[in-house]
Every structure is written in C-alpha cells, then in structure tokens.
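Thanks, everyone, for making time this morning. I would like to walk you through one model, and I will keep to two topics.

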Amino acid sequence: MKNIVILGSTGSIGTQTMDVVRNNPDRFKVVGLTCASRKEAMMKQAAEFGVPEEHCYVCDGDYDENVRKLIEAATLDCDMVVNSLMGMRGLEPTYHAIMAGHDVALANKETLVAGGSVIMKLVEEKGIRLLPIDSEHSAIFQCLEGNKGREIKKILLTCSGGPFRGKKREDMAGVTAREALKHPKWNMGPKITIDSATLMNKGLEMIEAQWLFSQPSSNIEVVIHPQSIIHSMVEFQDGSVLAQMGYPDMCLPIHYCLTYPKRLPSTAVNMDFTKPLTMTFEPPDLERFPALRIARQAMQCGGAAGSIFNAANEVAVQAFIEGRLTFDRIPAIVEETLNLLGPLPANTLDDILHADTLARAAAQRGIKERDMEKRGLCPAQ
Ligand SMILES: NC(=O)c1ccc[n+]([C@@H]2O[C@H](COP(=O)([O-])OP(=O)(O)OC[C@H]3O[C@@H](n4cnc5c(N)ncnc54)[C@H](OP(=O)(O)O)[C@@H]3O)[C@@H](O)[C@H]2O)c1
C-alpha cells in the first residue's frame with residue numbers, strides 16, 4: 001500500500017489523481033490533501049478516502065501562510081507527494097517533500113522551470129524519485145527507460161498548437177479570455193489553458209525538460225502535432241526515434257507515476273489501430289507564437305532566468321484574465337522582464353525566490369506603464 005499526499009487535490013490534476021486512487025483502492029491510500037477555495041470539495045474527498053481532518057489543509061490565506069500549510073502537508077509521513085498545485089507556490093513544498101525523503105510525482109511544472117538548478121541537485125543528494133506527470137515529460141521519461149546514458153540527439157516535445165493554431169498574427173490582440181479558456185483537446189485549470197493558447201505552456205515545458213533530462217537547450221525542439229496522440233519523442237544519435245502514444249487522458253501519466261516502476265492495468269481507453277488514424281506534424285510558427293523563442297532565450301541565459309520567465313508569465317496571465325492586458329502582450333511582458341533583469345544567480349532557494357519577487361514587480365510595472373501610455377499619461381505621474 002502506497003501512502004500518498006495530494007497537494008491541490010481539488011484541481012484538474014488533483015481530481016484525476018483521485019480517480020486513479022479510486023480505481024486502485026488496494027494499492028493507494030490518501031493520507032493528506034490541500035485546496036484553496038474549494039474546501040467543501042476537499043472535505044468530500046476526505047470523507048470518501050478516509051483522510052483525517054487534521055491532514056486536510058485549506059490554503060485560503062496570504063501567500064506565506066499558504067506555503068507554510070503546503071510544506072506541512074508535503075512533509076506528512078507518506079511514500080509519495082503528488083504536487084498538482086498551480087504556479088510558483090508549488091516550489092517550496094516540492095523542496096521540502098524531497099528534503100523529507102519522499103518521492104514526488106510532479107505536475108507543478110513551475111517547480112522545475114523556476115527551481116530546476118536547486119531541485120535536481122537535491123533529488124540527487126536525497127536519492128528520491130522525481131516522476132513527471134506532465135504528459136510530454138512522462139512520454140520522454142518512458143522513451144528513456146532502458147536507454148539511460150545512451151546518446152540522445154534530440155528531445156521532441158509535441159504540442160497540439162492550442163486553440164489559435166490557425167489564427168492570423170494581427171488577430172491575436174483581439175483574443176478574449178473566454179476564447180483563450182477553451183482548449184480543443186485537454187480539460188485543464190484556467191492558468192495552463194491560457195498558457196496553452198499562447199504556447200507559453202510549451203515554453204515552460206521546454207525549460208522543464210532541460211532540467212529533468214539534463215539536456216542543453218539546442219537538444220530540445222517543439223513539433224506541432226494537433227491530434228495529441230504522440231505525447232513526445234526522443235531521437236537518438238543512430239537516427240532511431242522512440243515515441244509514446246495514447247489517446248489524450250491525463251489519468252495515464254498519473255497512473256504511470258503512481259504505479260512506477262510497474263505497468264499495471266489502467267482505465268485508459270486502448271488505442272484502436274483497426275480504425276483510420278491520421279497523425280500530422282509541422283514546425284511551430286515563432287512569429288505568431290514568440291513564447292517558444294523567449295523560452296529558449298531563458299534556457300540559454302541560465303541562472304534564474306527560468307524563475308523570471310515563469311513569474312512574469314504568471315503576472316501577465318493574471319492581468320489578461322482581469323482585462324488589464326491584451327493577449328498578444330503576454331509574451332511581450334515576459335520578454336521585456338527577462339531583458340530588464342538580465343542574468344541573476346540561482347544557486348539557492350532564496351536566489352530563486354528573490355528573482356521571482358523582482359520579476360513580479362517588474363512585470364507589474366511593465367503592465368501598468370503600458371496601461372498609462374494607452375491613456376496618454378506619463379508613467380512617472
Ligand atoms: N490540468 C492538466 O491537464 C495539466 C497537465 C499537465 C500539467 N499540468 C500542471 O499541473 C499543475 C496544476 O494544474 P491544474 O490544471 O490541475 O490546476 P488547477 O485546476 O487550477 O488546480 C490547482 C490546485 O491548486 C489549488 N490552489 C489554487 N490556488 C492556491 C493557493 N493560493 N494556495 C494553495 N493552493 C492553491 C487549487 O485549489 P482550489 O481548487 O481550492 O482553488 C487546486 O487544488 C500546473 O502546474 C499545470 O501546469 C496540468
């Protein structure tokens with residue numbers, strides 16, 4: 001029996017993790033839960049899975065208070081912590097879960113995007129397993145199983161292209177939050193859905209892959225594959241390409257993490273190769289989706305650039321949802337913030353948190369100044 005703590009149990013990944021547990025009652029026991037606003041939903045989960053009330057944390061206070069509760073949950077006595085939190089608040093709980101010697105199933109990509117330098121070192125030191133839930137990284141992880149140390153030529157991250165794959169560049173500014181919140185393939189939380197529309201999500205995933213698989217930025221490429229059947233691929237030096245396939249369903253990579261290193265039966269719908277199946281591939285358009293170019297800039301810059309990239313994006317997405325920023329300005333704010341702050345160190349958790357704070361302030365200023373320009377006011381007024 002594996003004892004599991006789920007951080008962010010009420011979200012998209014959290015509830016799908018609960019589905020996996022529900023389907024495997026003899027294998028997994030949930031021993032801790034956290035939520036923010038959906039307390040009722042969490043308490044319903046607690047009642048169903050027999051989680052003691054004192055191990056159910058409602059993080060609806062200020063940032064520091066929430067992170068304190070998340071760390072408390074992440075360090076409960078357990079075998080594995082599933083981190084399905086959204087945003088930078090996921091970093092510190094991951095850090096402390098690893099410090100406590102727990103294996104981590106990681107959906108919270110911000111942990112590695114911002115804190116990869118510190119987290120991967122700690123994983124090594126503590127000898128724990130850090131298993132990716134993100135479907136692309138799960139695919140790469142699976143392709144690399146049995147191929148550790150083999151000569152990797154390229155990691156090919158697949159990308160559906162998002163809802164605006166066919167949209168003209170000049171129409172991007174007019175995209176509304178309502179339009180951006182609809183994803184053609186995946187049903188996800190609001191932040192990642194917007195990130196999928198700008199392709200910032202793929203940019204975050206490029207940085208995440210760099211850390212998880214210790215690859216230089218030049219070895220990581222993105223390929224548009226609208227059917228989302230191949231979840232990612234690895235090309236080796238001999239020219240062989242390994243791919244992992246399945247119908248789009250996050251329960252599969254979650255199930256893989258929870259049951260690893262075994263491959264046990266899951267509820268995933270089996271692929272049917274007796275029916276016609278079309279798979280297409282095309283390169284991403286970096287003009288219409290500059291997020292990928294900016295992510296590569298952050299990867300090449302190194303240090304705390306990932307933290308800056310992530311923080312500026314979180315601020316810009318929030319401003320877009322609140323109607324303070326146009327859709328096409330989201331990547332622009334991230335790029336301006338990266339250029340403004342330049343290289344910063346990322347040797348410690350404090351370095352990373354410091355870069356995050358600076359980037360949030362700079363991005364907020366950038367958004368405000370643009371708003372003032374629009375109203376014909378001087379930013380200094
Ligand atoms: N969704 C997907 O298919 C998918 C796929 C791959 C990777 N990911 C990654 O997985 C992570 C989670 O994504 P998601 O789509 O599951 O997000 P989500 O649906 O928005 O869920 C976020 C979870 O975090 C909790 N939360 C929100 N604000 C919080 C705060 N201030 N303090 C503590 N907890 C807070 C939420 O609680 P309440 O429900 O109470 O608000 C919820 O349980 C992200 O990093 C995302 O990029 C998601």
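I will begin with the ligand and its surroundings, and then turn to a pair of helices.

Please keep in mind that this is a predicted model, in which local features need pLDDT of at least 70 and side-chain atom pairs count only at pLDDT 80 or more, while totals for chains, interfaces and linings use all residues. Residues are numbered from 1 along each chain as its sequence is written, and side-chain values use heavy atoms, with hydrogens and water left out.

Around the ligand there are 26 residues, the closest being T10, A36, S37, R38 and D134, where a residue counts as near if one of its heavy atoms lies within 4 Å. Sorted by class, that shell holds eleven nonpolar, ten polar and five charged residues, with Gly counted among the polar ones and Ala, Val, Leu, Ile, Met, Phe, Trp, Tyr, Cys and Pro as nonpolar, and Asp, Glu, Lys and Arg as charged.

As for polar contacts, meaning pairs of N or O atoms within 3.5 Å, a polar backbone atom of A36 sits 2.8 Å from a ligand oxygen, and a polar side-chain atom of E110 is likewise 2.8 Å from an oxygen atom of the ligand.

Now to the helices, which are DSSP runs of H or I with at least four residues. The axes of α5 (residues 110–126) and α9 (residues 200–212), as lines fitted to C-alpha atoms over the stretch in contact, come within 9 Å and cross at roughly 5°. That makes α5 roughly parallel to α9, the term covering angles under 35 degrees.

Note on methods:
A polar contact is a pair of N or O atoms within 3.5 Å; within protein, one must be able to donate a hydrogen and the other to accept it, and residues adjacent in sequence count only if both atoms are side-chain atoms. Axes are lines fitted to C-alpha atoms, for helices over the stretch in contact, and angles run from 0 to 180 degrees between N-to-C directions. Helices (H or I, at least four residues) and strands (E, at least two) are DSSP runs, numbered from the N terminus. Angles under 35 degrees count as roughly parallel, over 145 as roughly antiparallel, 65 to 115 as roughly perpendicular and the rest as oblique.
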